[in-house]
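This briefing accompanies the sequence and structure shown below. The points that follow are grouped by topic.

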Amino acid sequence: MKTKQKKQLKAPDFQEYLAELLKNPRNRQYYNEYGEQLEIAYKILQLRKKEGISQSELAKKIGTTQSNVARTEAGEQNLTTETLQRIASALKRDLKVEFVK
């Protein structure tokens, strides 16, 4: 019995793809602006998991819905400093905002 081997396709290298996209100044600007938002979102997700609480539990602590927490963790929400402070308190952290050069 003859077995056919499937040809495996190589996935494109994401870093190369990203580098190519970022050659365009408009793409770079958008990435820089949105990238900051994603970093904050990812940090919130990491801290929530470290504290061992669900999105629903965090939502209850900060006075919002689970779907808002999900959108926040996906980087789809622009957060006010007030909201960031409530999240920090709920996650037993201090909020620190810096302007760096």
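Which pattern does the chain follow when read along the sequence? The pattern is α-α-α-α-α, with five helices and zero strands in the chain. The model is a predicted one.

**Overall chain**

- The chain has 101 residues, of which 24% count as buried.
- When contacts between residues at least 6 apart in sequence are considered, 56% of them join residues at least 24 apart.

**Nonpolar core**

- The largest nonpolar core comprises eleven residues, namely I44, L47, I53, L58, A59, I62, V69, L84, I87, A90 and L91.
- At least two residues of this core come from each of α2, α3 (55-62) and α5 (81-90).
- A59, one of the core residues, is in contact with T64, T65, Q66 and V69 when its neighbours within four places in sequence are left aside.

**Packing of α3 against α4**

- Helix α4 spans residues 66-73, and its axis lies 8 Å from that of α3, at an angle of about 105°.
- The two helices, α3 and α4, are therefore roughly perpendicular, as angles of 65 to 115 degrees are classed in this way.
- On the α3 side, the contact is made by Q55, S56, L58, A59 and I62.
- On the α4 side, Q66, V69, A70 and E73 make the contact.
- Among these contact residues, L58, A59, I62 and V69 also belong to the largest nonpolar core.

**Q37 and the segment it contacts**

- Q37 is located in helix α2, which covers residues 25-51.
- A polar atom of the Q37 side chain lies 2.7 Å from the backbone oxygen of G75.
- The Q37 side chain also reaches the backbone oxygen of Q77, at 3.0 Å.
- With neighbours within four places in sequence left aside, the residues in contact with Q37 are G75, E76, Q77 and N78.

**T81 in α5**

- T81 is a residue of helix α5.
- Is T81 buried or exposed? T81 is exposed, because its relative accessible area is 58% and the class begins at values over 50%.
- T81 and L95 are 14 residues apart along the chain, and their C-alpha atoms are separated by 8.9 Å.

Note on methods: Residues numbered from 1 in each chain as written. Predicted model: local features only at pLDDT ≥ 70, side-chain atom pairs only at ≥ 80, totals over all residues. Heavy atoms only, no water. Helix = DSSP H or I, 4+ residues; strand = E, 2+ residues; numbered from the N terminus. Buried < 20%, exposed > 50% of the residue type's maximum accessible area, 1.4 Å probe, protein only. Contact = heavy atoms within 4.5 Å. Polar contact = N/O pair within 3.5 Å; in protein donor to acceptor, adjacent residues only side chain to side chain. Core = buried A, V, L, I, M, F, W, Y, C linked by side-chain atoms within 4.5 Å. Axes fitted to C-alpha atoms, helices over the stretch in contact; angles between N-to-C directions. Parallel < 35°, antiparallel > 145°, perpendicular 65-115°, else oblique.
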